[in-house]
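Please keep the sequence and the 3D view open as you read.

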Amino acid sequence: MNLALLNDEDLISADRALLRGRRLQHLQSVLKSAIGDRVPVGRINGPMGTGEILRLDNDEAELQLTLDQPAPTPLPLTLVLAMPRPKMFRRIIQTCAALGVKDIWLINSYKVEKSFWQTPWLSEPHLRENLTLGLEQARDTAMPQVHVRKLFKPFVEDELPGLLEGKQGLVAHPGTATPCPTHLPGPGLLCVGPEGGFTSYEVGKLEEAGCQGVHLGPRILRVETAVPVLISRLFDLCG
């Protein structure tokens with residue numbers, strides 16, 4: 001936890017907050033914090049800054065807040081992601097939040113098993129928990145939006161063209177002729193398929209909607225690896 005993310009329930013006044021549970025345990029067991037220490041904090045969808053520990057006991061920590069810094073600039077990216085396997089879903093969502101992706105669309109695909117949609121990680125509390133962990137890792141406060149669309153064709157035909165307006169659309173698919181571009185000059189929309197990739201029909205529909213097929217080279221990567229590699233490449237996150 002590189003930043004304690006605060007919600008409205010944590011505030012006891014405009015400039016005071018209480019930390020309990022996981023965040024309190026982190027202060028005590030990892031940071032070894034003491035009264036008078038300052039720790040990084042931020043309000044969800046608001047500014048960041050520091051919190052001075054005024055009181056610390058086994059139940060809670062009271063912080064004096066100084067929130068005078070803006071959140072990092074979000075990536076100008078819409079991510080369209082075929083629903084991943086549940087065992088890797090949490091890691092992908094946390095990684096996307098840490099990288100600054102704010103608009104995530106989870107869609108169906110032929111190779112997405114029906115059972116994937118039953119995972120408890122899709123519930124609102126679990127989504128928010130994992131998005132929060134990603135934001136805390138990266139010191140960010142802007143909460144990403146996650147949209148779920150369980151029907152591929154209606155999404156691609158009815159919603160995707162509107163999402164693509166003003167953006168460069170890409171679909172990552174091994175075997176296509178065009179390498180993935182680097183450092184997009186403007187906003188982008190990236191489609192990433194499931195393990196095994198989109199079918200030829202699905203790639204065709206995505207291209208009809210306005211996406212260009214691109215590849216990352218001859219290696220076939222797991223989705224949880226491909227997503228951060230693609231995003232880093234598109235926005236030059238490694239400098």
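1. **Surface.** The chain has an accessible surface of about 11,700 Å², and carbon and sulfur atoms account for 50% of that. Such areas come from the Shrake-Rupley method with a 1.4 Å probe, and for residues only the protein chains shown count as cover.

2. **What you are looking at.** This is a predicted model, in which local features need pLDDT of at least 70 and side-chain atom pairs count only at pLDDT 80 or more, while totals for chains, interfaces and linings use all residues. Residues are numbered from 1 along each chain as its sequence is written, and side-chain values use heavy atoms, with hydrogens and water left out.

3. **Overall build.** You will find six helices and twelve strands in the chain; helices (H or I, at least four residues) and strands (E, at least two) are DSSP runs, numbered from the N terminus. Along the principal axes, the C-alpha atoms fill a box of roughly 60 × 40 × 35 Å. Of the 239 residues, 44% count as buried, where buried means under 20% relative accessible area, exposed over 50%, and partly exposed in between (1.4 Å probe, protein chains only).

4. **Contacts and charges.** Take the contacts between residues at least 6 apart in sequence: 70% of them join residues at least 24 apart. A contact here means heavy atoms within 4.5 Å. The chain has 25 positive and 27 negative charges, and their mean positions are 6 Å apart. Lys and Arg count as positive and Asp and Glu as negative, with His and the chain ends not counted; each charge is placed at NZ of Lys, CZ of Arg, CG of Asp or CD of Glu.

5. **A ring pair to start with.** How many aromatic pairs are there? The count is two, given that rings of Phe, Tyr and Trp (its six-membered ring) pair if their centres lie within 6.5 Å; planes under 30 degrees apart count as stacked, over 60 as edge-to-face and the rest as tilted. Trp105 and Phe155 form a tilted pair, because their ring centres are 5.7 Å apart and their planes stand at 35 degrees. This pair links distant parts of the chain, with Trp105 in strand β8 (residues 103-107) and Phe155 in helix α4 (residues 152-163), 50 residues apart. Trp105 is buried at 7% relative accessibility, and Phe155 is buried at 1%.

6. **The other ring pair.** Phe152 and Phe198 have ring centres 6.5 Å apart and planes at 50 degrees, so this pair too is tilted. Phe152 lies in helix α4 and Phe198 in the loop between β11 (188-192) and α5 (200-209), so the pair ties together parts that are 46 residues apart in sequence. Both residues are buried: Phe152 has a relative accessible area of 9%, and Phe198 has one of 3%.

7. **Around Phe155.** Which residues does Phe155 touch, not counting residues up to four places away in sequence? They are Val80, Trp105, Ile107, Arg149, Leu160 and Leu163. Pro74, by comparison, is 81 residues from Phe155 in sequence and 24 Å from it in space, C-alpha to C-alpha.

8. **A charge over a ring.** Arg90 lies over the face of Trp121, 4.6 Å from the ring centre. The rule asks that NZ of Lys or CZ of Arg be within 6 Å of the ring centre and within 35 degrees of the ring normal.

9. **Glu136.** Leaving out residues up to four places away in sequence, Glu136 touches Met1, Asn2, Leu3, Ala4, Leu5, Arg22 and Arg23.

10. **Two positive phi values.** Most residues other than glycine have a negative phi. Asn45, which is not a glycine, has a positive phi of about 60 degrees; Asn45 sits in the loop between β4 (38-43) and β5 (48-56) and is exposed at 55% relative accessible area. Arg139, also not a glycine, has a positive phi of about 60 degrees. Arg139 is in the loop between α3 and β9 (145-149) and is partly exposed at 43%.

11. **Pro174.** Look for Pro174 in the loop between β10 (168-172) and β11, where Pro174 is partly exposed with a relative accessible area of 43%. Pro174 touches His215 and Ile220, not counting residues up to four places away in sequence. Asp37 is 137 residues from Pro174 in sequence and 50 Å from it in space, C-alpha to C-alpha.
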